[in-house]
Amino acid sequence: MGKLFLPAKAPNEGARRLAAFVQSLPTPAAVRRMLAVAGIDRLKLDRMVTGELIPGADERFAITRATGDAVLMRDWSVAPRGRWGDPVPARKMRRAA
């Protein structure tokens, strides 16, 4: 697994959270497994992080499942809540009624 190149500004919250999640994985093999579970390749990951590609609904759902809800489907439609390297807060999930 090579380096993950980040643009000067995060394009959206989904890209910022996905980059933080990938960088938190312990080994390149873990990154490859996550990408395989999500059904995306390295090139597509780079394009998503740079903002060149916004994933479709099926890809967003697969990424949400592969990251254990660290990146939600709606994150791709929201402006970034921080910069690259800023801490990404843990999710506070609400129980369904």
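**Overall shape**

Tutor: For 97 residues, a compact globule would have a radius of gyration near 13 Å, and the protein has 13 Å, so the two agree. That radius is taken over C-alpha atoms, and the globule rule is 2.2 Å times the number of residues to the power 0.38. Keep in mind that this is a predicted model: local features need pLDDT of at least 70, side-chain atom pairs count only at pLDDT 80 or more, and totals for chains, interfaces and linings use all residues. Residues are numbered from 1 along each chain as its sequence is written, and side-chain values use heavy atoms, with hydrogens and water left out.

Student: How much of the protein is buried?

Tutor: 36% of its 97 residues. Buried means under 20% relative accessible area, exposed over 50%, partly exposed in between (1.4 Å probe, protein chains only).

Student: And α1, is that one largely enclosed, or what?

Tutor: Largely enclosed by the rest of the structure, because nine of its 12 residues are buried. Among them are Leu 18, Phe 21 and Val 22.

Student: What do those buried residues pack against?

Tutor: α2 (28-38), α3 (42-50) and α4 (57-66). Contact here means heavy atoms within 4.5 Å.

Student: New topic: how far apart are the mean positions of the charges?

Tutor: 6 Å, for 18 positive and 9 negative ones. Lys and Arg count as positive, Asp and Glu as negative; His and the chain ends aren't counted. Each charge is placed at NZ of Lys, CZ of Arg, CG of Asp or CD of Glu.

Notes. Helices (H or I, at least four residues) and strands (E, at least two) are DSSP runs, numbered from the N terminus.
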